[in-house]
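Subject: Handover of a structure, with notes on what was found

Dear colleague,

Please find below the structure that I am handing over to you. My notes follow it, and I would ask you to read them with the structure open.

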Amino acid sequence: MAASGDFALSGYSLSPPFDTNFLVSSSYKGLEVQTPLIPLPHQQQMVNLSDFHFLPDPTTPSWSIGPLRYHSLDFSCDGKTLSSSTQGDEDIGVVCWNTRTGERVGNFPGYREMVFSPTDPQVAVMQGHQPGFAKVTQTSATGVQSWTIANVHEFTTRHCVRPAFRHDGVMASYFHGSLNETRVNESIHYARNWKYPGPYPAPLTFIYSPSELDTIFLCTSTAQHTLRYHRESYGEGVMLNSTMEPNCTGITTSAWSRNGMWIATGDSADKVLLWDARNTSGINRLKTLPRDRTEAIMTVVFTHDCSLLFIVNAGHYIDVYDIEKGDYVTNSGLPDRGKNIAVDGPRDIVAVATMDDKITLYNLQPRHNTSQNPSIPALLSAHDITSAVVRPKSVPFPGLYFDIYRGAWKLSSPCSFHHAVAIKVLRPGFNPRSKKQERQDFKNLLTKCLVRWISPDLIHDNLVPLLGVYGDFGEFPALITSWMMNGLLSEYLQSEEEYEEKGLMMDVANGVAHLHSHYIVHSDIRASSILIDELGHARLSDPGLFRIFAKSPLVANGTVNQPYRWTAPELLSSSSKEPDLKTDVFSFTMTCLEIYTGAQPFDGVGEALIPGKILQNERPSKPDNVSDSLWAIWGKGWDTDPSKRPDMEEYVKSLQDLPQ
């Protein structure tokens with residue numbers, strides 16, 4: 001099977017995991033069996049900061065948030081939005097930021113704090129000037145993701161503390177001795193109302209147990225209580241545990257670890273207490289963390305694996321406490337000072353509001369390059385599977401920038417076997433006339449691109465997974481992906497007598513939409529860069545690579561032909577224009593035409609004439625097997641005006657709504 005186009009054979013179909021393993025289904029004597037197939041290199045483990053440290057995220061630039069005195073930060077549950085709740089000497093307000101681009105996607109003057117739903121990435125609530133809260137939702141009505149106020153609910157009392165969410169997505173607000181639980185995902189309506197047992201205290205902060213819906217940890221001006229509430233709609237709480245001692249006064253913030261084992265509290269005198277919460281009916285103070293500062297504690301937050309506790313005080317000092325070792329980390333990689341901190345747990349991302357009023361995202365990286373191969377950079381060393389891959393002796397399939405070998409990955413869990421993989425070798429070297437800095441810049445860009453591709457949040461049914469890297473093929477790391485049994489979509493369309501056009505179109509659409517949801521531009525969408533798995537489903541490969549290869553100092557294997565037939569007019573009319581999400585939409589639409597016709601767009605027209613036709617707003621003729629409604633959708637997708645093209649989320653919905 002010959003490889004054609006810029007990128008060739010990339011993999012074999014695997015169902016992406018929800019967690020840590022791929023599953024393969026098999027049948028034995030009528031029984032359906034699922035066994036783990038491929039362990040991903042992203043499994044959650046306790047952080048050991050002797051081996052890892054935090055470094056600025058190489059894929060995300062820092063961005064300015066303005067010269068304000070205090071910043072309270074929070075991530076949405078999908079990590080795509082960061083709220084910066086700011087309080088200056090006079091003004092207060094909430095701003096939302098896109099964590100991939102640093103773009104402002106919401107601005108709410110007069111609100112004090114935003115808290116995101118733990119179950120719905122498009123829902124949050126804010127605390128306002130007056131007692132009450134506002135529900136905020138994410139919308140894309142204009143083609144741009146933004147946050148807007150959906151509902152406002154005011155209370156009649158001023159004794160209201162920051163709202164909090166239960167882990168099932170129900171919001172709670174504590175005011176006037178009552179805990180009011182509210183369902184906010186669809187509309188605002190009360191779920192339950194509970195009374196504090198006895199005279200209600202002045203509330204300071206409260207948090208829910210991460211595992212028990214009816215248990216909260218409440219800090220007041222005089223004590224800390226653990227309360228369990230009845231399951232009825234209305235009722236009085238039951239006091240499980242109460243601590244009244246000098247160490248409990250003046251609490252300013254609290255956090256409950258995700259595993260339910262620890263509670264951390266900070267107070268107005270820079271004191272941090274760690275509580276043993278394994279038995280909620282008897283939460284006891286475990287230790288007082290040693291501190292040598294005097295300012296109030298603003299934030300305490302655990303990492304996702306509960307191994308570290310981040311502490312920020314009003315003097316803008318950041319401390320990292322290792323819970324297992326019982327000591328502070330002195331070289332975590334994070335700055336010593338910052339205005340606040342937030343953790344995007346599942347992705348090991350830490351946001352820091354820096355002293356120069358910027359947001360910088362940090363992620364865990366190996367402290368040392370653990371790979372023995374000089375071609376593999378430190379950022380990819382954790383994904384080095386060279387020793388487990390059988391190097392092939394066969395002749396490679398030639399691509400424009402890659403030579404593609406068929407190899408095998410030796411796996412030993414749960415039993416020893418070999419998994420067929422594609423070894424994609426970036427064989428050509430640099431142009432000898434290229435400058436040293438150009439070469440280094442290319443290597444850095446390639447590394448960033450591969451780091452994004454191999455990240456767990458990019459796993460999707462319609463994307464080829466990058467399984468790891470291989471280090472014995474020269475100065476660049478070879479890419480290890482699953483072997484795609486049915487090869488390229490362009491060849492599949494020619495070789496198969498029957499295939500389901502809409503199914504393939506939806507496969508590609510969902511793959512592009514997933515990339516765009518993470519603000520990744522593919523930049524080379526066409527049938528010759530899409531692969532088909534053994535079940536006949538389409539998968540996009542090499543996200544973003546063509547973009548950096550086309551402008552790199554590499555020497556290609558052959559003549560580089562621009563994919564004019566799939567290129568948006570704004571790219572054809574300007575050499576300085578970079579591919580973006582809207583140019584991907586144009587290319588996707590041309591690929592849809594390929595799927596329905598089995599031929600390239602403008603089939604039969606010479607390559608040199610294509611740019612002129614596209615710039616003059618000429619488009620291919622309507623095929624007989626394309627309905628009027630589908631043709632109208634494509635008309636929007638390849639519109640000359642980029643602003644009139646739908647975003648991929650809207651595009652997918654339009655295609656799904658088409659009659660069968």
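Leaving aside its neighbours within four places in sequence, which residues is Thr589 in contact with? They are Trp634, Gly637, Trp638 and Tyr651, where contact means heavy atoms within 4.5 Å. Thr589 itself is found in helix H6, residues 581-597. Its relative accessible area is 0%, so Thr589 is buried; buried means under 20% relative accessible area, exposed over 50%, and partly exposed in between, with a 1.4 Å probe and protein chains only.

Before going further, please note the basis of these values. This is a predicted model, in which local features need pLDDT of at least 70 and side-chain atom pairs count only at pLDDT 80 or more, while totals for chains, interfaces and linings use all residues. Residues are numbered from 1 along each chain as its sequence is written, and side-chain values use heavy atoms, with hydrogens and water left out.

The chain as a whole

The chain has 660 residues, of which 55% count as buried. It contains nine helices and 40 strands; helices (H or I, at least four residues) and strands (E, at least two) are DSSP runs, numbered from the N terminus. Among contacts between residues at least 6 apart in sequence, 57% join residues at least 24 apart.

Two strands pair if DSSP finds at least two bridges between them.

E22 is mostly covered, with five of its six residues buried. It pairs with E23 in the antiparallel sense over five bridges, and Ser254 stands opposite Thr265 in E23. The hairpin of E22 and E23 has five residues between the strands, and Gly260 takes a positive phi near 80° there.

Strand E23 (residues 262-267) is joined in turn to strand E24 (residues 272-276) by five bridges, and the two run antiparallel. Ala264 stands opposite Leu274 in E24, and Gly266 stands opposite Val272. Which faces of E24 are covered? Both are: Val272, Leu274 and Asp276 on one side and Leu273 and Trp275 on the other are all buried. Four bridges then join E24 to E25, again in antiparallel fashion, and the bridge partner of Leu274 in E25 is Lys287.

Salt bridges

Side chains of opposite charge can pair when their charged atoms come close. The structure holds 17 salt bridges, each being a side-chain nitrogen of Lys or Arg within 4 Å of a carboxyl oxygen of Asp or Glu. In one of them, the side chains of Asp270 and Arg291 meet at 3.0 Å, N to O. Asp270 lies in the loop between E23 and E24, and Arg291 in the loop between E25 and strand E26 (297-302), so the pair ties together parts that are 21 residues apart in sequence. Asp270 is buried, with a relative accessible area of 1%. In the hairpin of E23 and E24, Asp270 also takes a positive phi near 65°. A network of salt bridges links Asp270, Arg291, Arg293 and Asp319.

The side chains of Asp457 and Arg452 meet at 3.7 Å, N to O; Asp457 counts as buried at 17% relative accessibility, and Arg452 counts as buried at 12%. The side chains of Asp533 and Arg539 meet at 3.4 Å, N to O, and both residues are buried.

An exposed residue in a loop

Is Lys551 buried or exposed? At 54% relative accessibility, Lys551 counts as exposed. Lys551 is found in the loop between helix H4 (545-550) and helix H5 (569-573). Not counting residues up to four places away in sequence, Lys551 touches Ser575 and Glu578.

Yours sincerely
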